[in-house]
Amino acid sequence: MPFVTGEEIRVDPHVLGTGSRVVPSGFVRAHTRVRRPSSVPEVRLHVADDVVALWEAMETEPGGAGEAPPFWAAAWPGGQALARFVLDRPEVVAGRAVLDLGAGSGLVALAARLAGAPWVLASDVDPFSRAAVGVNAGLNGIAGVSVTGDVLGRDLAGVDVVLAGDVCYDREMTERVLPFLDRARARGVEVYVGDPGRPYLPHDRLAAAAVYEIPETEGPGLRRTTVWRLP
């Protein structure tokens, strides 16, 4: 199993798969600023002031940035809501192994560890995200967070809770994510999804566990964001 520290990410190729990249942690530090998410001040994150400049910098890295924008460099509403939820209700994750699906910055993974999860697996297809998770874990002095790539085609044994923030941002991604979540729930895994009202999420299949007013990632205003439970 791979694991992260504040200085490096060690990757097991048998977990991440052939061709996986490791982004230097120094890149994340050099192109971001440390801030506390407004709804989760317990955690500090490396975030981008200028997303366009960051994306251009990513393109100059060996291997380039690909087509994925730097989603990892912001604290999105669904992730903030999930992080707030587990910190307010630590019994959801305390003493349980957690998967943070679509981890991005790692905010949800770090909150789960702070709430008492003994081990968290942070999954994201973006190697820049996996680097950011390691850097943010080190910034907060949090151990016990592992990283991996795409898990949607696999059934992960040993996971008790899946936390998925902002994963249903388009139809294609939703169609990949929902079968994975259904399989996890069928095995008895608790599943929670943080979402700020995107139309692709099948709300009629879900039960609301908590609702938060999360400040917009870009611009003023609040975004009503729900933590949904898969019954």
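Helix H4 (77-88), S5, H5 and H7 each supply at least two residues of the lining of the largest pocket. Helices (H or I, at least four residues) and strands (E, at least two) are DSSP runs, numbered from the N terminus. This is a predicted model, in which local features need pLDDT of at least 70 and side-chain atom pairs pLDDT 80 or more, while totals for chains, interfaces and linings use all residues. Residues are numbered from 1 along each chain as its sequence is written, and side-chain values use heavy atoms, with hydrogens and water left out.

The largest pocket holds about 830 Å³ of space. On a 1 Å grid over the protein atoms alone, a pocket is an open set of points with protein on both sides within 12 Å along at least five of seven lines; a cavity is a set where a 1.4 Å probe fits but cannot get out; lining residues have an atom within 4 Å of a point. Points are joined across faces, edges and corners, and a volume is the space filled by probe spheres set on them. The lining of the largest pocket counts 36 residues, and Phe71, Gly102, Asp124, Tyr169 and Met173 are the closest to the centre. H7 gives the largest share, three residues. By class, the lining splits into 17 nonpolar, nine polar and ten charged residues. Here Ala, Val, Leu, Ile, Met, Phe, Trp, Tyr, Cys and Pro count as nonpolar, Asp, Glu, Lys and Arg as charged, and the others, Gly among them, as polar.

The second largest pocket has a volume of about 400 Å³. Its lining has 20 residues, with Val47, Ala73, Ala74, Ala75 and Thr217 nearest the centre. Of this lining, 13 residues are nonpolar, three polar and four charged.

Now the sheet. Seven strands form an open sheet in the order S7-S6-S5-S8-S9-S11-S10, with mixed pairing. Strands S7 (145-148) and S10 (207-215) are at the edges with a single partner strand each, so one side of each has no neighbour in the sheet. From one strand to the next, the twist averages 20°. Two strands pair if DSSP finds at least two bridges between them. S9 (residues 190-195) and S11 (residues 222-229) pair in the antiparallel sense over four bridges. In this sheet, Val193 stands opposite Trp228 in S11.

Helices pack on the sheet. H5 (residues 107-114) touches S5 (97-101), S6 (119-123), S7 and S8 (161-165), and its direction makes about 175° with that of S6. H7 lies across S5, S8 and S9, at about 150° to S9. Contact means heavy atoms within 4.5 Å. Axes are lines fitted to C-alpha atoms, for helices over the stretch in contact, and angles run from 0 to 180 degrees between N-to-C directions.

H7 (residues 171-186) also gives the largest share of the lining of the largest cavity, three residues. That cavity holds about 50 Å³. The structure has two cavities of 30 Å³ or more. Val193 is among the lining residues of the largest cavity, as are Leu178 and Asp182. Seven of the lining residues are nonpolar, none polar and two charged.

Last, the rings. The whole structure holds five aromatic pairs. Rings of Phe, Tyr and Trp (its six-membered ring) pair if their centres lie within 6.5 Å; planes under 30 degrees apart count as stacked, over 60 as edge-to-face and the rest as tilted. Trp72 and Phe128 are stacked, because their ring centres are 6.4 Å apart and their planes at 10°.
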